[in-house]
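Morning, everyone. Please look at the screen.

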Amino acid sequence: MYQDKHKIAARKVFFDFSKSDLVWIPDDHFSSHVMNGVNLLLPAGEFWFCRVYNRALPYITDENLKDDVIGFIRQEAIHANAHIAGQKFLTVHNISIDEAKKIPELIFGTLLSDQPLGMSSLNLKTIEYPWLVFRVGIIAAIEHFTGVIGQWCMDNKSWDEFQADPVIADLFRWHLAEEVEHRNVAFDLFAHLVQNKFGFYISRQVLMAAIFPLFMYLVAECGRSIAKQDNDEEMQKLVRKSFIGLMIELEKIGRKTKNVPTFSHLAKSVLRWGSPFYHPENEGNTEQALSYLNQSTAVNAAKFIH
């Protein structure tokens, strides 16, 4: 289970967005806005990850896994704060973000809070553990995508070919490299808490059936919220498309520019998840991720500031 022997550690980072453009991938508004939209989605989700995992810590009986979970929590907290800085970057460019943040905040702050669906009248004691395991399973499904996208990012060369803004590119590459680094943790924690192999397999398939469309919807809508505020004629045409239309556009532009992962790339990863032999260890290259983290400008800059 624990094939990565290195210690998962949080890395401080420093980003200076003062010279970065909103369309940070030149001549590719769509891909820039899809990635920028991640700043609106992640802080609420990642702080929620931390809260749920802190609740799970007392139930972990494997010390190696507990160490990994603690490292995961610390990394995710830094990720959330970095993307809050990303939100400020958007507001500097006169992008209104409050409306787009409401859905992630409702999902993670209320519906999936310690009080299920935000219903304070429920007797939490009777369902506390099942509700915790359910939420750990949701995180495992989400982390499947962050790990897959992380490896896509490690392999991606197009941002350099398009001369993308190096600071924004480093924000996403640093974050996604750490997602590759800790890609096993959420899956292993869910398996540890469920224990029954058959129950674990069935439950993760049911959760993925719900999480995949929801994840894609949130990514699309956060990107759309930014594109709506872009006066580019093509963007104004795109924002009027349906969700399915946006997924088709994601596929088309992803294939053409390579600047965003395609819908089919993510869908194929869901098929791999469906295997009873699936494990995220096979979804990424840890050494490749660590190599990038050692050269990340933001990571190295932080060493001189803190």
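I will take the pocket, then the cysteines.

Keep in mind that this is a predicted model.

Start with the second largest pocket. Its volume is about 290 Å³. How many residues line the second largest pocket? The count is 14. Nearest the centre lie Asp 27, Asp 28, Phe 30, Ile 253 and Lys 256.

Now, which helices supply the lining? Helix 1, residues 29-56, gives at least two residues. So do helix 9, at 233-238, and helix 10, at 243-257. Helix 10 has the largest share, with five residues.

What is the make-up of that lining? Seven of the residues are charged. Five are nonpolar, and two are polar.

On to the cysteines. A disulfide is a covalent bond between the sulfur atoms of two cysteines.

The cut-off for a disulfide is 2.5 Å between the sulfur atoms. Cys 153 runs into this problem as well: its closest cysteine sulfur is in Cys 222, at 19 Å, too far for a bond.

Are these two cysteines buried or exposed? Cys 50 is buried, with a relative accessible area of 8%. Cys 153 is buried too, at 2% relative accessibility. Buried here means under 20%.

That is my part done. Thank you.

Technical notes. Residues are numbered from 1 along each chain as its sequence is written. This is a predicted model: local features need pLDDT of at least 70, side-chain atom pairs count only at pLDDT 80 or more; totals for chains, interfaces and linings use all residues. Side-chain values use heavy atoms; hydrogens and water are left out. On a 1 Å grid over the protein atoms alone, a cavity is a set of points where a 1.4 Å probe fits but cannot get out, and a pocket is an open set with protein on both sides within 12 Å along at least five of seven lines; lining residues have an atom within 4 Å of a point. Grid points are joined across faces, edges and corners, and a volume is the space filled by probe spheres set on the points. Helices (H or I, at least four residues) and strands (E, at least two) are DSSP runs, numbered from the N terminus. Ala, Val, Leu, Ile, Met, Phe, Trp, Tyr, Cys and Pro count as nonpolar, Asp, Glu, Lys and Arg as charged, and the others, Gly among them, as polar. Buried means under 20% relative accessible area, exposed over 50%, partly exposed in between (1.4 Å probe, protein chains only).
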